[in-house]
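The sequence and structure come first, and the text follows.

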Amino acid sequence: MSDYSDDAVIARVLAGDADAFEEIIKRYNDKLFRYVYSKVNNYDEAADVTQDIFVMAYESLASFRGESKFYTWLFSITINYCKNHQKKSRRQASVSINRPDDTEFEMQIHDERVDIEAGVIDRDSLRIVKEELFKLPDDYREILVLRDIEGYSYNDISSMLSINLANVKVRIHRGREMLKKRLSERGLLS
Amino acid sequence: MMDHVSFDRLSAYADNTPLSVADKTSIERHLAGCASCRDELARIRKMLQMLSSLKGLGLVDSDRFVRNTMRRISDGGHVVHRVSKSRAVRSAATAAVAASVVIAGTIFATMGGFFNTTGPTTVARNEDPRAVTVPVSYAHNRISRAMNVFRSDVEKDATVSLLERHRAKIIAVTDSYVEGRVSASEFNRMLNTFYHLGGRRPYMVSSDMDGFKTVRFLVGEPAQREPQTSVPAMPESDIHVLVNFHR
């Protein structure tokens, strides 16, 4: 199943092989989770929301007509879901004075992946990058996650966010400029 | 004095965004003679490398997440897990909602489930003399909420847009609902798109004698649609409504 294209897996699911959807979850759980986490900044909440999104994607799979790439469709759902979730959270925040930072998340970086990067970037630097990324305005943080962490193309991002290509470029470069300034101030880019 | 390359152009150059040949040549020519811009480019590339390393962030137990999500899908969407760190405190309300889901599920099972296509029709006339209206049960509304059918918010405009796409006549748009009248055939097509709008089903459906249906979607604040902690007793006539409502 891992050799199948997304479309082939979806076709199997739609043909009645519900278990095939597991392959989709395996392929995209970390990607969706990272995006959601960048929105909610809380591990448990991000995991729950990510699960909600997969369930919703499964239930609405019949509406995916293959006119776009599956992952742009999936991310569109994710982005809209997160927008609604944030609206709801903001309302609830009025009764929650403060939410503790999710300080444990930095410990949850996959060890093997850190090892890969160990020779280049240490864990402290990653923590600072994450901190500063999360301080960026939502629009810039979101687009840097999609482009510079997940590696999606400008065109894909344009589809996912439903904004034009020029706007994508502007946001990416502005976001990078802001982040570079912040990381320089933290001594990471000297 | 030599003009430096703008940040935007260096940023585009750094991540291999397709540039025109002339632009790329111009940047490279400048870089060859400008240490300041080369340093800036190096900083951008280092930042991009660090950002890329954040791919290491992910779910702690991915396999468990996959298993639990599949279990939730097969269980019909109920939350059955925490992925890793269980939250220390669960509100009593959450537990009560879970209990109500069980109760609701039991009632549903007794009644033959969502997709029972048979069952008597309970009818009552509304203001349209041609209409035969299926009454909306209070109990059904409560059960739907408890079952978390109205899982996510959908903007009012999106709901109107959905109805219009199905050639519905918009009857009412209020702060709490959008109502429209749609042909039976379009209504059936629309059934396939409900989930695309966040898993919602229409709050009310009335079947008119001329083959049209009146549908109503809740669009109010989510706080108004919070799952209820109890399911009220359901009159027998409302059971008929529920069966009717879903097909």
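## Report on the predicted model

Leu126(A) has a relative accessible area of 4% and is therefore buried, the cut-off being under 20%. This residue belongs to helix H6 of chain A, which covers residues 123-135. Between Leu126(A) and Leu188(A) there are 62 residues in sequence, while their C-alpha atoms are 10.0 Å apart in space. All of this describes a predicted model.

### The two chains

Chain A contains nine helices and zero strands. Its pattern along the sequence is accordingly written α-α-α-α-α-α-α-α-α. Of the 190 residues in chain A, 53% are buried. Among contacts in chain A with a separation of 6 or more, 60% are accounted for by residues 24 or more positions apart.

Chain B has nine helices and four strands. From its N terminus the order of elements is α-α-α-α-α-α-α-β-β-α-β-β-α. Buried residues are 47% of the 247 residues in chain B. For chain B, residues 24 or more positions apart supply 63% of the contacts with a separation of 6 or more.

### Rings in chain A

Over all chains, the structure holds twelve aromatic pairs. One of them joins Phe64(A) and Trp73(A): the ring centres are 5.3 Å apart and the planes stand at 50 degrees, so this pair counts as tilted. Phe64(A) and Trp73(A) are both buried. Ring pairs also tie these two residues into a cluster with Tyr28(A) and Phe70(A).

A charge over a ring is found at Phe134(A), where Lys130(A) lies over the face at 5.4 Å from the ring centre.

### Helix H1 of chain B

Helix H1 of chain B spans residues 7-14, and six of its eight residues are buried, so the helix is largely enclosed by the rest of the structure. The buried residues are Phe7(B), Leu10(B), Ser11(B), Ala12(B), Tyr13(B) and Ala14(B). Their cover includes H9 of chain A, along with H2 and H3 of chain B. After H1(B) comes Asn16(B), which has a positive phi near 60 degrees.

Ala42(B) sits in helix H3 of chain B. With a relative accessible area of 44%, Ala42(B) is partly exposed.

### Helix packing

Two packed helices are described by the angle between their axes and the distance between the axes.

| Helix pair | Angle between axes | Distance between axes |
|---|---|---|
| H2(B) and H3(B) | about 110 degrees | 6 Å |
| H9(A) and H3(B) | about 95 degrees | 11 Å |
| H8(A) and H9(A) | about 105 degrees | 9 Å |

In chain B, H2 covers residues 21-33 and H3 covers residues 35-53. Their angle makes H2(B) roughly perpendicular to H3(B). H2(B) contributes His30(B), Leu31(B), Ala32(B) and Gly33(B) to the contact, and H3(B) contributes Ala35(B), Cys37(B), Arg38(B) and Leu41(B). By class, these residues are five nonpolar, two polar and one charged.

The angle makes H9(A) and H3(B) roughly perpendicular to each other. From H9(A), the contact uses Arg176(A), Leu179(A), Lys180(A) and Leu183(A). From H3(B), it uses Glu40(B), Arg43(B), Ile44(B), Met47(B), Leu48(B), Met50(B) and Leu51(B). Seven residues in the contact of H9(A) with H3(B) are nonpolar, four are charged and none is polar.

Within chain A, H9(A) packs with H8(A), the helix of residues 154-161. H8(A) and H9(A) are likewise roughly perpendicular to each other. On the H8(A) side the contact is made by Tyr154(A), Asn155(A), Ile157(A), Ser158(A) and Leu161(A). On the H9(A) side it is made by Leu165(A), Val168(A), Lys169(A), Arg171(A), Ile172(A), His173(A) and Arg176(A). The classes in the contact of H8(A) with H9(A) are six nonpolar, three polar and three charged residues.

Arg176(A) is named in the contact of H9(A) with H8(A) and in the contact of H9(A) with H3(B).

Notes: Residues numbered from 1 in each chain as written. Chains lettered and ligands numbered in written order. Predicted model: local features only at pLDDT ≥ 70, side-chain atom pairs only at ≥ 80, totals over all residues. Heavy atoms only, no water. Axes fitted to C-alpha atoms, helices over the stretch in contact; angles between N-to-C directions. Helix = DSSP H or I, 4+ residues; strand = E, 2+ residues; numbered from the N terminus. Parallel < 35°, antiparallel > 145°, perpendicular 65-115°, else oblique. Contact = heavy atoms within 4.5 Å. Nonpolar A, V, L, I, M, F, W, Y, C, P; charged D, E, K, R; others polar. Phe/Tyr/Trp six-rings, centres within 6.5 Å; stacked < 30°, edge-to-face > 60°. Buried < 20%, exposed > 50% of the residue type's maximum accessible area, 1.4 Å probe, protein only. Lys NZ or Arg CZ within 6 Å of the ring centre and 35° of its normal.
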